[in-house]
Amino acid sequence: MAKRFILSIDGGGIRGIIPATILVDLAKRLDGLPLHKAFDMIAGTSTGGIIAAGLTCPHPDDPSHAACTPENLVSLYADEGGDIFRKPQIPNPFNLFALNDPRYQPDALEEKLRERLGTATLDKGLSKVVITAYNIAHRAALFMSNTDKENSNFRFWEAARATSAAPTYFPPALIERVGEKKPEERFVPLIDGGVFANDPTLAAYVEARKQAAWKDDSLVFLSLGTGQQNRPIAYQEAKGWGILGWMQPSHDTPLISILMQGQSSTASYQANALLNPVGTKINYATVVTDANAASLNYFRLDRQLTVNENDALDDASPGNIAALKAIAALIVKDNAKALDEVAKRILASR
């Protein structure tokens, strides 16, 4: 029975530097094997969708290579995150219309995505890729992917822009189905896939099982989180919240945070039950021991954030970037056995 290796990456805004840093370490364990050759499918939501696009999109100047290396992606967050999440001028507190505006304009993000990803469409991907978004016109989930022809005619950079259009942070993306003849279907209005699949593991599982050539193959998943949010919401505080309380930007929109983390924790629980032997323990990460390593087909790497890191999606300050890099290093250290096992199996199969 052949093995298919699938990489899944959560959403989390600037915290995408955590899975990007983990992938730098994994790449070293793979002895130079590019990640698009190591994994048969790479799935991502929001910031994870940006990473998935970077790893699977052909480079504009050399289509045999991926547009981005893990190091390139770390640099995107560390060196250019401040441009993407550039704080706007403080609005007039008496201007109620300002509360209705997205927190950031997408110009800087779009420029950086176009620069890195060029004009390639998903059907040109170097491996299978799944990028999630939500169609606000059809009120339905959309899986932009080259796993079938139906949704493979989106440009990589536009798919990355759409999957990361987090409500209240960025405006929705209106992206083109390249070559679509029907005017009403050509442009699609999308928001962040994190509203339904912040952890896209199960979406990737379904797309993998749809592949006729893979029907008898074993699936091995490496799922990377972006850090579990660390701020409890006190009942005494929340009981008085209305619309503004739950969506308060100064509190980093608690409702959005809860929806994203709730889905991620649920997906990891379900994937562990679906793919691993009965009794396999999972907390923030899959517990890997010498005794059970060979029996696992689902590896989840994540960690609860501490008071040293800001769990906001948009804190690109140098101090927070350094703190997020540090917690990524701890995840790598604590999950060395998992990374070793995944790398060993990949190299044995290639």
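Residues are numbered from 1 along each chain as its sequence is written, and side-chain values use heavy atoms, with hydrogens and water left out. Since the model is predicted, local features need pLDDT of at least 70 and side-chain atom pairs count only at pLDDT 80 or more, while totals for chains, interfaces and linings use all residues.

The inside of the protein comes first. A nonpolar core here is a set of buried Ala, Val, Leu, Ile, Met, Phe, Trp, Tyr and Cys residues joined through side-chain atoms within 4.5 Å; buried means under 20% relative accessible area, with a 1.4 Å probe and protein chains only. The largest such core holds 79 residues, and Phe39 and Met144 touch the most other members. Helix H1 (residues 17-29) gives this core its largest share, 7 residues; helices are DSSP runs of H or I, at least four residues, numbered from the N terminus. Apart from this core lies another one of 12 residues, including Met41 and Trp214. Leaving out residues up to four places away in sequence, Phe39 has contacts (heavy atoms within 4.5 Å) with Leu26, Ser127 and Arg350, among others.

Helix H3 (residues 47-56) is mostly covered, with 10 of its 10 residues buried. Among them are Gly48, Ile50 and Leu55.

As for the cysteines, a disulfide is a pair of cysteine sulfur atoms within 2.5 Å, and the count is 0. The sulfur of Cys68 is 7.9 Å from the closest cysteine sulfur, in Cys57, so the gap is too far for a bond. Cys57 counts as buried because its relative accessibility is 0%, and Cys68, at 6%, counts as buried too.

How values were computed: Buried means under 20% relative accessible area, exposed over 50%, partly exposed in between (1.4 Å probe, protein chains only). Helices (H or I, at least four residues) and strands (E, at least two) are DSSP runs, numbered from the N terminus.
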